[in-house]
Amino acid sequence: MNDSDERRTNWAHSLTYSAREQARPRSIDELSSIAASSDLVHALGTRHSFSDVADTAGVLVDISGLPSEIDIDESSGTVAVNAAATYGKVAPALDLAGFALHNEGSLPHISVAGATATGTHGSGSELGPLSTVVRALEILGSDGAVRTLNHDSVDFPGAVIHLGLLVLRVVSS
């Protein structure tokens, strides 16, 4: 299997994406340009899904090429991570700062944004999925503009678990 074939399947090779085009932007500007110039765009994280929920007839955007960013605000007890940040990068950074997530995925290559978007990796009613502690989202609209949805926003409850919206940063406490 060559690299091109690898990008067309999920991690288990049990699902082949049918998107007419795939893109792997290296910056938010490049991602914005793709979103603004395409009719149908879906984000693809670390390919850990067994369903075709991320697939599209349009452009499938692989976010793994974006730089991984982790901003810890010790005074507020929050952390902001972009869509490319994985548990394998976030957990050690939090540990070094004396913080931890209340729950996380079992595999280091899973993206925090993907786990948030799908509502996965919870543990019962006391320790819900990561999406239960999200306080803000930065999203990329179809016009290529970045928007922020805060916990107080009317659109916020339906945006956290969004199954493919292009999330740029997740802020949680």
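Arg24 counts as partly exposed in this predicted model, at 35% relative accessibility, and its side chain meets that of Asp62 in a salt bridge, with 3.7 Å from N to O. That pair links distant parts of the chain, since Asp62 sits in strand 3, residues 59-62, whereas Arg24 sits in the loop between strand 1 and helix 2, and the two are 38 residues apart.

Now, is Asp62 itself buried or exposed? At 6% relative accessibility it counts as buried, because the cut-off for that word is under 20%. Asp62 also has another partner, Arg47, whose side chain meets the side chain of Asp62 in a salt bridge at 2.9 Å, N to O. Arg47 lies in the loop between strand 2 and strand 3, so this pair ties together parts that are 15 residues apart in sequence, and here both residues are buried. Taken together, Arg24, Arg47 and Asp62 are linked in a network of salt bridges.

The structure holds three salt bridges, and one of them joins the side chains of Arg147 and Asp143 at 2.8 Å, N to O. In that pair Arg147 is partly exposed, with a relative accessible area of 37%, and Asp143 is likewise partly exposed, at 45%.

Let me turn to Ser38, in the loop between helix 2 and strand 2. Ser38 is buried, with a relative accessible area of 15%, and its side chain reaches the backbone oxygen of Ile34 at 2.8 Å.

Four residues lie between the two strands, and Gly77 in the turn has a positive phi of about 70°.

Note on methods
Residues numbered from 1 in each chain as written. Predicted model: local features only at pLDDT ≥ 70, side-chain atom pairs only at ≥ 80, totals over all residues. Heavy atoms only, no water. Pairing = 2+ DSSP bridges. Buried < 20%, exposed > 50% of the residue type's maximum accessible area, 1.4 Å probe, protein only. Polar contact = N/O pair within 3.5 Å; in protein donor to acceptor, adjacent residues only side chain to side chain. Salt bridge = Lys/Arg side-chain N within 4 Å of Asp/Glu carboxyl O.
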